[in-house]
Amino acid sequence: MRNVYYYDVVVVGGGHAGAEAAAAAARLGATTALLSANLDTVGQMSCNPAIGGVGKAQLVREVDALGGIMGRAIDAAGIQFRVLNRSKGPAMHGPRAQADKRQYQQWVKEELEATPGLVLKQEQVDDLIVEPVANSGPGKAAWRIAGVRVRGDAEYRAISVVLTTGTFLQAVMHTGEAKTAGGRAGEGTSAGISGALARLGFTVDRFKTGTPCRLAASTIDTASLEVQPGDATPQPFSFLTDAIATEQLVCWITRTTPEVHAVIRANLHRSPMYSGQIASRGPRYCPSIEDKIVRFADRDSHQLFLEPEGRRTQEIYVNGISTSLPRDVQEQMVRLIPGLERAEIMRYGYAVEYDYCPPDQLQLSLESKRVAGPVSGGPGQRHHRLRRGSCPGARCRCQCGAGSRRPRPAHALPRGVVYRRADRRPGHAGS
Ligand SMILES: Cc1cc2nc3c(=O)[nH]c(=O)nc-3n(C[C@H](O)[C@H](O)[C@H](O)COP(=O)(O)OP(=O)(O)OC[C@H]3O[C@@H](n4cnc5c(N)ncnc54)[C@H](O)[C@@H]3O)c2cc1C
């Protein structure tokens, strides 16, 4: 017998975007189910466990002003807060915080679990359920979303479905010549949704991103490296946080050398990016170290930041050498970097390729143009995803008209309103 469950809103995926979407929909009164393939990874930070930065921190504050999660989560789980570009004018300031990755993930999951009207379900979504629209015509969607089908002969029926599947659709991870199915190290891939979207006429394309290796802190010669402390007075992200009281950790700074660049150049043919193994494009602002060596060939050194991934782990994120080069090349590279001569790699860097729908298939409300009802979290990077998470969540609630069952007008806060609130914060420099 097929099990069928009914909700106002179903959110697929429990990453940054899904967490915001589900919480927003539930906060506004919609009965909401967050379906994610593994509930132990709800709120997981895939790559750099950091929030904010230049051009991104204001998005966190906008989501916070809408009642979102991320700002409060990083204030609770931050291990180093810094305002980047402080020497420049206020418009250039970029508040950024490094998170304790595990604590951040647990905080987000606990917050979702405590949200009234929201249930978390461990489910693998394999297909979309659509119904024909009776009075469809030119320029109108021919299909309406009705829910999703999950593995194990069950369906979740909903008025709105938010897809926030991140890097998981038909995902393949690359480290040198080695290819593994999966959207993130240690996790699986998601097969059915891309096919369902393609059958409905969506353009489905491939995207790629990558991550650096993680090193064991005890094997790094930190005494020889420049220390990068956090700010003396850490600045919170959330308007609800009065002050950051937890102890701050330091990071360290080192640099690549001409010898490192020579190793990379000699092995470019083994990088999936350059061997043709990866054909898709990556986001503009997350270049791999291979990319940097090729594109900025005149530079003989690039700055690297060694960032702890938490208070209770040895793992250090090497910010600046995202790579899909083979393991042996990663080991050679690392050992040529000052301070890392004896460093042990705990996790190797890799690139991931995955399906996404180019966002020009969405309306400004973030509903899809092709199918009435579903709203997409979109294919952007972390901070854009979270805005695309909280806005669709709120929008779904409007579609459902939860409580009254009458659809309400789209929920949109003009930037002026959000920033007026930000400007009232004592000592707020603007962002
Ligand atoms: C190796 C790597 C490097 C990255 N580097 C960066 C970077 O440098 N900067 C940056 O901004 N972003 C980077 N990203 C992108 C990162 O994914 C986003 O920043 C952010 O995590 C996206 O959040 P999200 O909520 O959209 O998706 P994700 O965090 O990817 O979450 C997707 C969720 O959907 C779930 N899911 C997927 N399919 C299904 C299904 N069919 N059924 C049920 N659940 C499903 C997954 O289990 C997961 O919980 C990187 C990602 C990876 C994997």
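These legends go with a few close-up views of a predicted model.

View 1. Residue numbers start from 1 along each chain, as its sequence is written. Since this is a predicted model, local features need pLDDT of at least 70, side-chain atom pairs count only at pLDDT 80 or more, and totals for chains, interfaces and linings use all residues. The protein chain has eleven helices and 21 strands (DSSP runs numbered from the N terminus: H or I of at least four residues for helices, E of at least two for strands). It runs to 431 residues, and 47% of them are buried (20 or more other C-beta atoms within 10 Å of the residue's own, with C-beta atoms placed from the backbone). Take the contacts in the chain with a separation of 6 or more: 72% of them join residues 24 or more positions apart (a contact puts two C-beta atoms, placed from the backbone, within 7 Å).

**View 2. A three-stranded open sheet, order 3-5-4.** Pairing here is antiparallel (strands pair if DSSP finds at least two bridges between them). Strand 3 (50-52) and strand 4 (78-84) sit at the edges with a single partner strand each, so one side of each has no neighbour in the sheet. On average, neighbouring strands are turned by 20 degrees against each other, direction ignored (axes are lines fitted to C-alpha atoms). Zoom in on strand 3 and strand 5 (residues 94-99), and you'll find three antiparallel bridges. Across that pair, G52 is opposite R96 of strand 5.

**View 3. Helix 3 against helix 4.** The axes of helix 3 (residues 70-77) and helix 4 (residues 101-113) come within 9 Å and cross at roughly 135 degrees (angles run from 0 to 180 degrees between N-to-C directions, with helix axes fitted over the stretch in contact). That makes the two helices oblique (the class left over once under 35 is roughly parallel, over 145 roughly antiparallel and 65 to 115 roughly perpendicular). On the helix 3 side, A73, I74, A76 and A77 meet Q103, Y104, W107 and V108 of helix 4.

View 4. Eight of the eight residues of helix 3 are buried, so the helix is largely enclosed by the rest of the structure. Among them are M70, R72 and D75.

**View 5. Confidence along the chain.** The average pLDDT is 89, and 87% of the residues score at least 70 (pLDDT is the predictor's confidence in each residue, from 0 to 100). Residues 401-407 fall below 50, and this stretch has eleven contacts beyond near neighbours in sequence. Residues 421-431 also stay under 50, with 15 contacts beyond four places in sequence.

Terms used:
A residue is buried if 20 or more other C-beta atoms lie within 10 Å of its own, exposed if 12 or fewer, and partly exposed in between; C-beta atoms are placed from the backbone.
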